[in-house]
Amino acid sequence: MSIYYFAIVGATDNPIYETDIIPSSRSSLIDNSRRDDHKHLNQFIVHAALDVVEEVQWGTQAMYLKSVDRFNEQYVSAFVTANNVKFMLLHDQKSEDSIKNFFNDVYEVYIKVLMNPFYEKNAPITNPQFDNRVKLVARRFL
Amino acid sequence: MEGVLTPRDELARSLSPLVAVAASQDAEELCQSNHIPSFADFMKPFGDHIEGRVSPRDWQGIPIAIDNFNVRFRPLEKLGEPNHLAVMSVVDDYVRSRHPQHYHEIKSQADVNDTYLDTSLDKSMPWYVDFRRMMLSLRGMTEHETFDHPVAIMIVISSTNPDPMGTINQLYNPNIPSFTVDRPYVDPNILRYYVLLHDPHRASETQAQETYQKMRKTLGLHCHLLRINSKARPPETAHLLDDDVPSAELDAEPAIRALWQQQLAESYTIESRMQSYAVGATRTSGNPTTASGISNHSSSSGGGGHTRSSSVSSTTSSHSTSVATPLSTTTTSTTAPLALGNTSLESEQKQQEELQQKHEPIVDETESAAITTQYGRYMTEEDVTACRGMTREFVIQSMIPFMERNIQHWNEQVASARRGLTGRLFGASRRLFGSTTRTQSTHSLQTIPATGPNVPAGVNQVTIYPYSAPEAQMRKLADYAFMIRDFKFAHTIYDTVRRDYATDKAYKYHAGTQEMIGICLLMMNQPLRSKTDVDRNFELAVQQYLGRCRSPFQATRTTIMYYELLKAHRMWKEVPTALVRMTGEDSDLRSALFLEQAAHCFLRTPKPMVRKYAFHVVMAAHRYGKALQREHALRCYQLASLIFEDHTWSIAQSHIQFALGRQSFHLGQLEEAVSYFANVLADSKQTPQQQAAHVREFMFIYRQYTNMSGIDPLEESLPNLGLPVINDQQVSVSLSNAQINNTDNQEEWASMERELLEQNIAKGFIFGSKKTLALQQQHDNRVVCAIGEPTVVHIEVSNPLQIAIQLNNIILGCEYRESMKPFKEKRDAEAEAYDTMVHGTLTEGSDDMYSFDQYELQQLNEITLDPKEKRLINLAIIPRKEGSILVKGVHYTLNGLVHRFHPIIKKGKRLNDTPEHKRSVVYGLDHTLDILVTSPMPLLDLQFHNVPETILSGEVVQTVLEINNKGNKGLTSLRLKSSHPSFICIGNPEEMDKQIYAGGNDTKQEQFTLDNKLYDPSVVSVPLPKKEGGNDIGVVNSGQTTLVPLWIRGDRIGKHSFKFLFSYQSEEDDAAIAHRTMRYTLNVQVLPSLKINAFTRPSAATINEYILGIEIENLQTVAGFQLTQLNAASPTWSIVPLSIQMESKQDIEAKTSVPPRQTTFAYYKISKLLEEKELTKPIELNITKLVFVSH
């Protein structure tokens, strides 16, 4: 089961964007129903990891916090933006560099959403373009 | 006394020296007459607390002061290990019987307050305390540690015994003690202590003394004469062993009784449960040793690597497989964490009922037993003191010196040789070169056949060190040191012997020493060098217990002890890792207990980790659920749901709600189950399969619930059903004449209405009493409807799910009142949501209108909403009586089973008048759903004819406005306000045939007189045909139609949507209503046509003449234009063509046609009219027409 779950969590602890990322090379191998069973588990894990992120974020200058938490065989990597929005990625393989690149690129896309004057801070991002871009970035790095 | 013990003491006490007890039949009888089943039980309370300070000496002879030393007494025949599965099943019963008193509701970090933190974990979760006590106390001899090997044996006979020495020899054979049979790892050389139990009422003092002296002579100094009373105090009247003498005097003294009460009651409970468990196991499997009877109980089976697989090896229990396999298959499949089982509820319920029959809960058994049994009935104060004295004497004078001697001895003989460099080298060389002799030597590893109930499947022999092996002696030395609480010394010994175990690959021994090293480090009264070291020790211990030894029970105990020590050190952060390590699939109950503890530890870290807590509580709940501890599962899910309350993590949230629903259902709390399920239903983010499952289970539970509570599901409303989604704010009411799809831009319409009303009042169309009425009407903004006029309520329903849902019997819920005044009271949606279904009688001649007293309602029998569909449903009301009808909501039945009334409460506009309003968000009342029913009124119906979709810029088109009065009264004072006045011109009905461009061929000049003043062109009166014989007001009678011409001019390029707002009045005055309005929207696109530039310059010939040049450009790409006429309107000027030869047709043709994308140019002369006139008002305009006719 090698899929990624990516979530952007607003400063008020609400998920503003969620997606499952399936690497194209492996998409055929993953059983769909099994993935669905884990949907809520992903949320639980990422939600719980927020506690750790809040602890780690004050100990470093970097925005990329690397892998902050793990649950069984799954790791949670985090990235904290300037206004305390957290990017959380649930993954099962450690590859710090690619995740870092992924976060940085997503950050850029996210900043573009943020620049939209009609986008309210911490509101869910429903923009389909954003979704596409994130998936594109994911395809490149993950 | 118990309260002051620190967890560290508690732990040390649980690993205190064990004393085996062998009592003769007559000695036991003495205890039994005191209502204590055995001598071991009799001694237990005294062993638990040795009075005063005990100071054993360590290996260097330095005394260690211990205030709360204890010894554990255990009957000789019960030294073996209890069946671990039986222990777990007892724990299961205990946990089940404990119900949470109250719990702290943690919603956010702020809730982790002092009241929460001050409540100890033990207090808030007593079931864990039970679990811990069980795990620490129910233990027996194992090969890898010696804590449960007896240090001493107490041999007890009674003074009434006729043959004391013979009995003693019978009781205990020092050469081959019974407990060492099949257990070569147990040291038989233990301290023997002889007790002569004497009851003065049964045997004479001299007889006792005689026996005692004889014992001392033959058995040595470790003898004691203990006097207790076992008969009623007036000995003459009481019978031997009689319980049924009812006398208050005979009751045991409470203080004395209390010594045994709790302990005995509990041990009795445990005992009987274990017994019944064993019986049950025998019955189901026919093989008590493997106890596959509970393999269907989820605690024993599962996907974990360290549990018994279903392919049981043939050596131990081949005949039990046939029973175990079919049962265990049901639970092995659920390996995924937190998986929502897709098994349907029905089957699950059946399965569960079967299982639950096995677990009759422990209901107050302890208390009832305690009250009836008079423990220590005949014991006196002196007896108790004597017992205490004896225990102390035994410990201080016999047992501790014995242990000290052993420590000294082993330290010199075995341990010192192995410590230090030389020792290690010797050990290495011994291992390297002595391999040939090792096989014969008794001083090394042996394998013996495995026995006992706790042997993992597939294992038929265990590797052990016999008691005389140096490795075994080292371990015993360390354990002894630990017992006398010399943790530092114990640590070094453990550390030394650990290496030997590691090289010998004696994994269980190794794991045991790892565990003890960790415990010693934490028990030592000094700061920790490294937290990770300790954790590493425990991790290794647990891993090896689990992986190599397949002994999750040991691993569990290790974890419990580690957890207790971490708690004592307040190392909250390390706790969860340690506990979560032991949450494998093999025992759901244990995992649940640990997870719950871990969750609470997250709250005790310096910065409370609420979200981690939530996650672990959910996992605990999940495990409780799997272990069929429904109440605990429900409680944990409830705790978690508090944190996920805010709906943002919706999938997690609905998982919890769904689980809550299931657990409440299993607990028979159907009402709660229904409401939890209702919360889950509308979750749009789930997968279609999941949603289908939700709906199916909800339907199933709701049917059960309604059956059970005698509710008709089609009548009573289920208030919080969220399917389908109805947007209250979008609900609107309109009259039947209204244009459909004309609901946007409400604000704009409202302001137009306001302006029209003001104009009408200013212009005198509405006057007198009507004025205030009209203003009120405008203010209320209610829909006005006349009796008999159908009114339509538009409701937008949407299906958030990815599966289709069906709605039946959709009908409005309405309330009629006499008053014409708007409804001002506050409505309570929650109370109204319980409204029951309404039933009317079918109106004759109609198939969907149902008649009620004051109105008729339309009922839709069935609609199906496709996945994600949004649909507008229209429901008609026909009022039958004057007054007001309030549309309260809508009734419907979901999927033919669940009826629901959805109250519709709209908010009015946001108030912004007072400072209070500005500071907060306050909404006004909304009256749009409050229909005002009046006496018959005119009802305007409109139709536009001949309206083109596109017109050219500057083009004028005549359209016809058809005015139809559908009401029952004459219609008058029709006024129109339009949003685009410059596009619109309304003519008289008589002007129907008027040409658009007047004039035709005649070129003569005309004169017009116009009012030259400002007015609002957007509000005009629509002329209506005059009534014959009546006054001059135009009226359209009921049912009549009139046609009015209306010209539209393309004034500006672009797409325009014209808003027409008509207002009209009844020809008779009405008390309730001044006027009615109607809205109409028309969409027209204006296309570009010509671009005209013009300039003038003074004529060179005469004064009062100018040259006008006009350049006309055709912007169309296809169509050509032909100029037909040029008019000049001015009070003083007239126009004559200059460059166009009006006589020559060719010239006109050439100069006046403009082909696509071409430009023409022409000069004209402007000259002043001859007669000079005064400029007067109103202005008289001269129209000069130039007609270009080109045929």
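This tour moves through chain A and then through selected parts of chain B, stop by stop.

The model is a predicted one, in which local features need pLDDT of at least 70, side-chain atom pairs count only at pLDDT 80 or more, and totals for chains, interfaces and linings use all residues. Residues are numbered from 1 along each chain as its sequence is written, chains are lettered from A and ligands numbered from 1 in the order in which they are written, and side-chain values use heavy atoms, with hydrogens and water left out.

**Chain A as a whole**

Select chain A and colour it by secondary structure. Four helices and five strands make up its secondary structure; helices (H or I, at least four residues) and strands (E, at least two) are DSSP runs, numbered from the N terminus. Along the sequence these elements follow the pattern β-β-α-α-β-β-β-α-α.

Next, display the surface. Its accessible area is about 6900 Å², and carbon and sulfur atoms contribute 48% of that; such areas come from the Shrake-Rupley method with a 1.4 Å probe, and for residues only the protein chains shown count as cover. Of the 142 residues of chain A, 53% are buried. Here buried means under 20% relative accessible area, exposed over 50%, and partly exposed in between (1.4 Å probe, protein chains only). Among the contacts in chain A with a separation of 6 or more, 55% are between residues 24 or more positions apart; a contact means heavy atoms within 4.5 Å.

**The sheet of chain A**

Select the five strands of chain A. They form an open sheet in the order β2-β1-β5-β4-β3, with antiparallel pairing; two strands pair if DSSP finds at least two bridges between them. The edges are β2 (15-21) and β3 (64-71) of chain A, each of which has a single partner strand, so one side of each is left without a neighbour in the sheet. From one strand to the next, the twist averages 20°.

Now zoom in on β1 (residues 4-9) of chain A, which is joined to β2(A) by six bridges in an antiparallel arrangement. The bridge partner of A:Val9 in β2(A) is A:Pro15. Axes are lines fitted to C-alpha atoms, for helices over the stretch in contact, and angles run from 0 to 180 degrees between N-to-C directions.

Move to chain B and select helix α2 (residues 25-33), whose buried residues are B:Asp26, B:Ala27, B:Glu28, B:Leu30, B:Cys31 and B:Ser33. These buried residues pack against β1 (18-23), α3 (39-48), β3 (152-158) and β4 (191-198) of chain B. Just after α2(B), B:His35 takes a positive phi of about 65°.

Then select helix α26 (residues 630-643) of chain B. Of its 14 residues, 12 are buried, so α26(B) is largely enclosed by the rest of the structure. The buried residues include B:Arg630, B:His632 and B:Tyr637. At 1.5 Å a residue, α26(B) should span 20 Å, and its end C-alpha atoms are 20 Å apart, which agrees; the expected span is 1.5 Å times one less than the number of residues.

**Buried residues of chain B**

Select B:Arg817 in strand β12 (residues 805-817) of chain B. This arginine is buried, with a relative accessible area of 17%. Its side chain makes a polar contact of 2.9 Å with the side chain of B:Asp930. A polar contact is a pair of N or O atoms within 3.5 Å; within protein, one must be able to donate a hydrogen and the other to accept it, and residues adjacent in sequence count only if both atoms are side-chain atoms.

Select B:Phe901 in strand β18 (residues 898-903) of chain B, which is buried at a relative accessible area of 1%. B:Phe901 and B:Pro719 are 182 residues apart in sequence, yet their C-alpha atoms are 7.0 Å apart.

B:His1075 is in the loop between β29 (1054-1066) and β30 (1076-1087) of chain B, and its relative accessibility of 4% counts as buried. Leaving out residues up to four places away in sequence, B:His1075 touches residues including B:Leu757, B:Ile766 and B:Tyr1064.

**Positive phi in two loops**

Finally, select B:Arg550 in the loop between α21 (531-547) and α22 (552-568) of chain B. B:Arg550 is not a glycine, yet has a positive phi of about 50°; it is partly exposed at 28% relative accessibility. B:Asn946, likewise not a glycine, has a positive phi of about 60°, and is exposed with a relative accessible area of 55%.
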